[in-house]
Amino acid sequence: MFFTHDTEVTLTATAALVNTAGGDGELLPDLAALEAFYATYQWTGRPPRTDADLHAVRDLRPRLRRLWEADEDEVVTIVNALLREENALPRLVRHDDWPYHLHATPDDAPLASRMAVEAAMALVDVVRAGELGRLRICAFPDCGNVLVDLSKNRSRRFCEAGCGNRAAVSAYRARKAARRRT
Ligand SMILES: [Zn+2]
Ligand SMILES: [Zn+2]
């Protein structure tokens, strides 16, 4: 584990959220899709209830994507703005099976606010650790998905949408084609 557990979980969930607006088309087409996403990534607090929740979450994604693309100074500007706009107020909480960790929005805050603040809080850890380099864009041609490299040897290059397999298959085909030519 490189960061604290809650930070790693949030980074993974935030990458997944950004990738719902990825090259595979809109993966949050309706409220039901957002409810499923909320359950899959075990967000807590107020579940999404309305189309307004859906639109707020969708609108947040391009801003979160910048956290993967921007340089450190711009990332810091975004993080500070998100914390300020949402009036983030960190406190230690313990719930379900989780040990003490940070929440910084009220429990009844809209889902998009919670997502924004949790992402910002996780990025606070990443920036302080000097580890922004672990937030990467998938190396598979034309994929464009974001990923978080939590591996010990910083070796992760592909997103979770199967690009690692796709890259292995194309490398295999390239080797086979090379053998045929020789
Ligand atoms: Zn929690
Ligand atoms: Zn990919």
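Me: What should I know before I start?
Reply: It's a predicted model, where local features need pLDDT of at least 70 and side-chain atom pairs count only at pLDDT 80 or more, while totals for chains, interfaces and linings use all residues. Residues are numbered from 1 along each chain, chains are lettered from A and ligands numbered from 1 as written, and side-chain values use heavy atoms, without hydrogens and water.

Me: How many helices and strands does the chain have?
Reply: Helices (H or I, at least four residues) and strands (E, at least two) are DSSP runs, numbered from the N terminus. Here there are six helices and four strands, in the order α-α-α-α-β-β-α-β-β-α.

Me: Which protein donors does the zinc ion (ligand 2) have?
Reply: Donors are N, O and S atoms within 2.8 Å of the metal (3.2 Å for Na, K and Ca). Here they're the SG atoms of Cys138, Cys143, Cys159 and Cys163, 2.2 to 2.3 Å away.

Me: And what geometry does that site of the zinc ion (ligand 2) have?
Reply: Four donors count as tetrahedral if all angles lie between 85 and 135 degrees. The angles here are 105 to 118°, and the site is tetrahedral. The donor spacing in sequence is C-x4-C-x15-C-x3-C. Cys138 sits in the loop between strands E3 (135-137) and E4 (146-148) and Cys163 in helix H6 (residues 163-181), so the pair ties together parts 25 residues apart in sequence.

Me: Are Cys138 and Cys163 buried or exposed?
Reply: Buried means under 20% relative accessible area, with a 1.4 Å probe and protein chains only. Both Cys138 and Cys163 are buried, and 41% of the chain's 182 residues count as buried.

Note on methods: Four donors count as tetrahedral if all angles lie between 85 and 135 degrees; four count as square planar and six as octahedral if opposite donors are over 155 degrees apart and all others between 65 and 115; anything else is irregular. Buried means under 20% relative accessible area, exposed over 50%, partly exposed in between (1.4 Å probe, protein chains only).
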